[in-house]
Amino acid sequence: MKIGVAIINGIVQGVYDRLEKAIDAIVKAALAMLDAALRAIGARSPSTEFMKVGQYMMEGMALGIERNAALPAMAMRDAMGDLIPSAASAGGVNGSGGAGGAGSVVNNFSFVVNDRESMAMALAYVDTQRRARLNATMGG
């Protein structure tokens, strides 16, 4: 029995004696793996790979803005298209009167034009208003 206990005690003592060396080996292996992983992704201070990711994000955002910049203008143009006829029908166009001929509505709209299509629509609207006023003065 004493021999079995001595064998087990010897094994336990051997493990304790070598435990520090085993831990050192594990730490060195983990640090080597971390270093290899950081080199693989170009991690320095600052990380070159994350710099590329940030660059790609900004380029993508810029393209998204460029390709969709007309969307707010289109939405405003659509909204104005809905407003202009309803304002004209509410009281007539520049003094022609609505139902019953009383009152007048003066349409003063400001247009911010950033593209040719919007410019054409704005000019067509202004021309329509000018013709309506001319017809109203000429009795037409």
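**View 1. The buried residues of helix α4 are S118, A122, Y125 and Q129.** Buried means under 20% relative accessible area, exposed over 50% and partly exposed in between (1.4 Å probe, protein chains only). Seen down the axis of α4, the buried residues fall within an arc of 60°, so they line one face of the helix; the arc is that of the directions from the helix axis to the C-beta atoms. The face turned away from this buried side carries the exposed residues R116, E117 and L123. Helix α4 covers residues 116-137, which is 22 residues. From first C-alpha to last, α4 reaches 32 Å, close to the 32 Å expected at 1.5 Å a residue (the expected span is 1.5 Å times one less than the number of residues).

The model is predicted: local features need pLDDT of at least 70, side-chain atom pairs count only at pLDDT 80 or more, and totals for chains, interfaces and linings use all residues. Residues are numbered from 1 along each chain as its sequence is written, and side-chain values use heavy atoms, with hydrogens and water left out.

View 2. R39 is exposed, at 57% relative accessible area, and D35 is partly exposed, at 39%. Side chains of opposite charge can pair when their charged atoms come close.

**View 3. Helix α3 (residues 70-91) has the lowest mean pLDDT among the elements, 68.** The highest, 90, belongs to α1. pLDDT is the predictor's confidence in each residue, from 0 to 100. Over residues 92-101 the pLDDT is below 50, and this stretch has 20 contacts in the model beyond near neighbours in sequence (contact means heavy atoms within 4.5 Å). Where pLDDT is low, the predicted coordinates should not be read in detail. For the protein, the mean pLDDT is 77, and 76% of the residues reach 70 or more.

**View 4. The elements of the protein run α-α-α-α from the N terminus on.** There are four helices and zero strands; helices (H or I, at least four residues) and strands (E, at least two) are DSSP runs, numbered from the N terminus. Of the 140 residues, 11% count as buried.
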